[in-house]
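Subject: Structure handover and findings

Hello,

I am handing this structure over to you. Please open it first, then read the notes below it.

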Amino acid sequence: MITEDLIRISSNQGVTSFDSSHASRFIDDALSDCGNGNGKGSESVENDDANSKYTFSPGGSMYFVPVCADENCKPFVDQIFDSLEAGLNFYKDYGRSCGFGTRRSAEKQDEDHTVLSKYVVCNRSGFNEKKETISDGNSNHVVRRRTVSSRCGCNAKLILKFISGERYRVSCFVEEHNHDFVPEMGRQFMRVNREMSCISRNFAFDAANVNIGTSKSFFFMKELVGGYANVGATVRDFRNFRRDLKEYVGERDAQMIIEKFNAKKESCESFYFAYELDQEGHLTKLFWADSVARRNYELYGDAVSFDATFDTNKYNMVFCPFTGIDKHEKCVTFGFALLSKEDIPHFKWAFDQFLKAMGRNPVCIITDQCPVMKQAIPMSFHATEEFPATKHRLCMWHIMEKFPAKLGNFICKETDLMEKMKKYIWSSTIEPDEFEKGWKSVLKEFKLEGNRWLWEMYAIRTSWIPAFFRDKPMFGLMRTTSRSESENNFFSQFHRQSDTLCEFYLRFESAMDKQRYETARLNHEGSSTIPATITKLFMEAEAAQVYTRPVFYKVQQEMVASGYDMRIQTIGPLVDGIKCYEMKDVMLKDQVFKVKVSRNHAECSCKKFVMCGILCRHAFCALTHYEVTTLPRNLVLNRWSKNSENAPSSIKLLGVSDDFKRMENASLKQTNIWFSFQKSMNKAGVNLEKLAYVEKTVKQLVSDLGDDTYLSKKAHIEMLMGPHPREDLTIHVPKECSNKGSGLKRLVSAREKAIKNGNKRPRKCKLCDSTVHDARTCPKKKKTRVNPTVDITESDDDLVEGN
């Protein structure tokens with residue numbers, strides 16, 4: 001009877017984390033000890049896992065006492081600590097090693113806010129209050145959330161009392177718990193062991209800058225440290241850290257990004273930025289360009305592609321990069337703008353700021369057929385006393401894509417209309433009058449003289465047909481906005497629609513670092529290697545030394561073609577050192593070209609050098625025949641040379657502030673220390689003696705560093721994202737914008753609908769495989785339906801015969 005009561009009392013009060021078999025075994029052991037006269041209900045018995053000892057109170061309650069491997073880590077009464085924080089951390093480490101968490105509880109302060117006494121309790125102390133909510137005003141209907149609680153009224157605690165100075169003394173220490181402790185395998189999930197370290201936060205932050213999500217960054221961290229238990233946090237902690245970053249920015253987003261730009265402006269005068277606010281103080285326009293971007297415009301800013309991209313930030317502001325082509329024929333970005341609207345004032349403001357930052361008009365700017373840009377570009381890039389007006393060129397690809405929709409799929413795909421059209425549209429070797437004759441002849445052949453859209457495209461032919469750009473320098477670099485499309489796709493790999501402006505700029509910097517790293521890599525490869533030559537011309541070997549590799553391959557192709565595809569027809573006399581040639585180009589259906597050459601110059605009627613800055617095959621053929629062995633230097637544009645950056649510049653390179661250098665050096669040091677520690681662990685391997693030595697050394701290092709080097713999460717986030725504005729907010733976050741490419745809904749053209757419906761699998765009738773109807777309305781089903789006027793007797797006879 002006593003045994004049954006003791007088991008019942010024990011199971012009700014003490015056993016919360018063990019099964020009944022453990023409880024029965026504990027009770028049997030306790031009763032046997034009492035029967036042997038070894039205890040009075042308070043004798044301790046060791047548990048099998050050696051993590052704790054259990055005792056029984058006179059009332060039958062079970063209590064657990066932690067077993068500490070190192071007695072020096074166990075607190076005791078009258079123990080002295082140099083500071084309150086040292087005592088709190090000591091009890092926290094004690095609980096971590098024994099398998100329970102701690103929580104700071106009540107405290108008592110004097111008038112000077114000095115803590116006189118501080119209570120630290122087990123994290124399972126106390127009880128959670130049951131909360132009930134009444135919905136819809138109906139008192140009979142109670143909604144309860146499905147929640148769990150770890151609190152069980154544990155009374156273990158540590159009381160610290162103030163002595164003098166900053167020292168504290170342990171006045172009370174209760175080590176008995178009414179619950180068992182967390183086993184070794186589960187301690188990685190304890191809250192005390194789940195605090196993200198500086199390295200983990202840096203890793204999660206750096207992963208976010210390259211658009212790696214929290215789950216993937218957590219798994220990458222696990223692979224780096226060798227296991228989930230070594231991460232020191234869970235995937236939820238990584239998500240909470242990302243949440244804390246966004247909450248830290250909050251409504252200060254716009255103010256923080258402007259203050260960050262101001263700091264960059266102070267560290268480098270060449271950094272340019274501008275912004276505008278609406279009447280309520282919300283950010284509506286933002287433009288910036290650093291020193292590297294402005295220097296790139298000095299070198300490669302003859303042709304610019306401009307287009308807007310969407311879904312890069314939480315405010316739906318459109319991101320508008322100004323894109324060009326560098327000496328490696330890669331995309332290079334000159335300036336950047338964030339706009340809240342796509343209208344004339346916003347685009348004109350962006351173009352005006354771009355002009356202020358760069359100091360001159362671009363030679364050519366190419367866009368799509370946006371009517372707003374068409375009006376804003378001449379308003380900003382007009383002619384001045386120093387620079388001519390910028391020529392606005394339309395994207396050919398966007399126009400050619402409209403032919404099937406405007407003329408019909410049949411005439412475009414089932415006839416040779418497009419083949420004949422492309423012959424005149426895409427050619428850059430024909431004159432404008434030849435294009436006009438060819439255009440009209442094709443329209444007459446296919447009876448399209450009355451098509452209104454074709455005549456509208458013909459009316460703006462000077463804005464998109466290459467034949468009208470033959471005399472314009474560098475107008476042949478870009479025919480379409482594919483460079484902008486490529487740039488937008490590049491930035492989309494880094495940005496997310498939920499990004500704040502601060503997060504957007506951090507990821508933007510990561511994207512620009514990648515772009516400029518690629519340029520530096522190509523510069524190194526070009527300066528340290530020389531491509532192989534094919535011909536025996538001295539000019540080819542010289543070109544390999546001067547041009548970048550992608551441009552040299554184009555020049556090499558022209559040199560090879562000059563020897564195989566050219567047929568010289570006539571050679572004029574030498575007049576003032578200039579000789580004229582007429583030659584046929586076999587690859588262009590024996591089209592005749594005229595070339596004038598001298599010892600240091602060449603000019604061809606194909607105008608390729610004028611349009612692209614690369615000498616054509618006709619000129620190389622004439623120079624070779626004229627016995628010119630060296631490449632004329634005035635025919636080598638600086639924008640295509642390996643040493644283009646050596647040209648004089650008015651732009652100062654980007655300066656770096658001391659704070660930025662310090663953070664970069666600290667981050668680099670942390671990375672090097674981490675890999676050094678990994679290397680030491682690899683050397684230790686599974687050798688217990690070496691591992692014990694590493695553990696002893698690390699503990700000694702932690703003890704030597706002290707508590708002053710700890711960096712809180714809030715302070716670390718401030719270092720990563722920048723400090724909060726010190727004054728009141730004067731720049732508010734942008735209002736959520738509604739542009740044509742943002743949001744979930746957008747206008748869908750009839751062509752897109754047709755393509756989408758064409759990809760759908762047609763619904764077929766199960767009876768006859770027809771796509772016109774389904775099985776419910778199938779005519780075949782109506783014919784096979786049983787006639788209700790059939791004689792029942794006849795049916796019965798049929799059944800009998802069948803039997």
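Is cysteine 606 buried or exposed? Cysteine 606 is buried, because its relative accessibility is 5%. Buried means under 20% relative accessible area, exposed means over 50%, and partly exposed lies in between (1.4 Å probe, protein chains only).

Some ground rules. This is a predicted model, in which local features need pLDDT of at least 70 and side-chain atom pairs count only at pLDDT 80 or more, while totals for chains, interfaces and linings use all residues. Residues are numbered from 1 along each chain as its sequence is written, and side-chain values use heavy atoms, with hydrogens and water left out.

**Overall**

The chain has 28 helices and 21 strands. Both are DSSP runs, numbered from the N terminus: helices are H or I with at least four residues, strands are E with at least two. Of the 803 residues in the chain, 41% are buried. Contact means heavy atoms within 4.5 Å. Take the contacts between residues at least 6 apart in sequence: 64% of them join residues at least 24 apart.

**Cysteines**

A disulfide is a covalent bond between the sulfur atoms of two cysteines. Here the term stands for a pair of cysteine sulfur atoms within 2.5 Å. The structure has zero disulfides. Cysteine 580 is partly exposed, at 35% relative accessible area.

**Helix α16**

Helix α16 covers residues 452-459, and its buried residues are Trp453, Leu454, Met457 and Tyr458. They sit on the same side of α16, because they cover an arc of only 145° around the axis. The arc is taken over the directions from the helix axis to the C-beta atoms. Exposed Arg452 and Ala459 are on the face turned away from the buried side. The cover over the buried residues of α16 includes α11 (396-400), α12 (403-407) and α15 (432-445).

Asparagine 451 caps the N-terminal end of α16. One of its side-chain oxygens is 3.1 Å from the backbone nitrogen of tryptophan 453. That is a polar contact: a pair of N or O atoms within 3.5 Å, where within protein one must be able to donate a hydrogen and the other to accept it, and residues adjacent in sequence count only if both atoms are side-chain atoms.

**Helix α14**

In α14 (residues 417-425), Leu417, Met418, Met421, Tyr424 and Ile425 are buried. These buried residues line one face of the helix, because they fall within an arc of 130° seen down the axis of α14. Glu419 and Lys423 are exposed on the face turned away from them. The buried residues of α14 pack against α11, α12, α13 (409-413) and α15.

**Helices α9 and α10**

Two packed helices are described by the angle between their axes and the distance between the axes. The axes of α9 (residues 344-358) and α10 (residues 371-380) come within 9 Å and cross at roughly 40°. Axes are lines fitted to C-alpha atoms, for helices over the stretch in contact, with angles from 0 to 180 degrees between N-to-C directions. The crossing is right-handed. Residues making the contact include Phe347 and Phe351 of α9, with Val372 and Met373 of α10. Right-handed means that the near helix is turned clockwise from the far one by less than a right angle; anticlockwise is left-handed.

**Single residues**

- Aspartate 307 lies in the loop between β13 (303-306) and β14 (318-325). It is buried, at 10% relative accessibility. Beyond its neighbours within four places in sequence, its contacts include Asp368, Ser484 and Asn488.
- Glutamine 493 is in the loop between α17 (482-492) and α18 (501-528). It is partly exposed, at 41%. Leaving out residues up to four places away in sequence, glutamine 493 touches Val210, Asn211 and Lys514.
- Methionine 474 lies in the loop between α16 and α17. Its phi is near 65°, a positive value in a residue other than glycine. Methionine 474 is buried, at 8% relative accessibility.
- Lysine 589 lies in the loop between β19 (579-585) and β20 (591-597). Its phi is near 55°, again a positive value in a residue other than glycine. Lysine 589 is exposed, with a relative accessible area of 76%.

Best wishes
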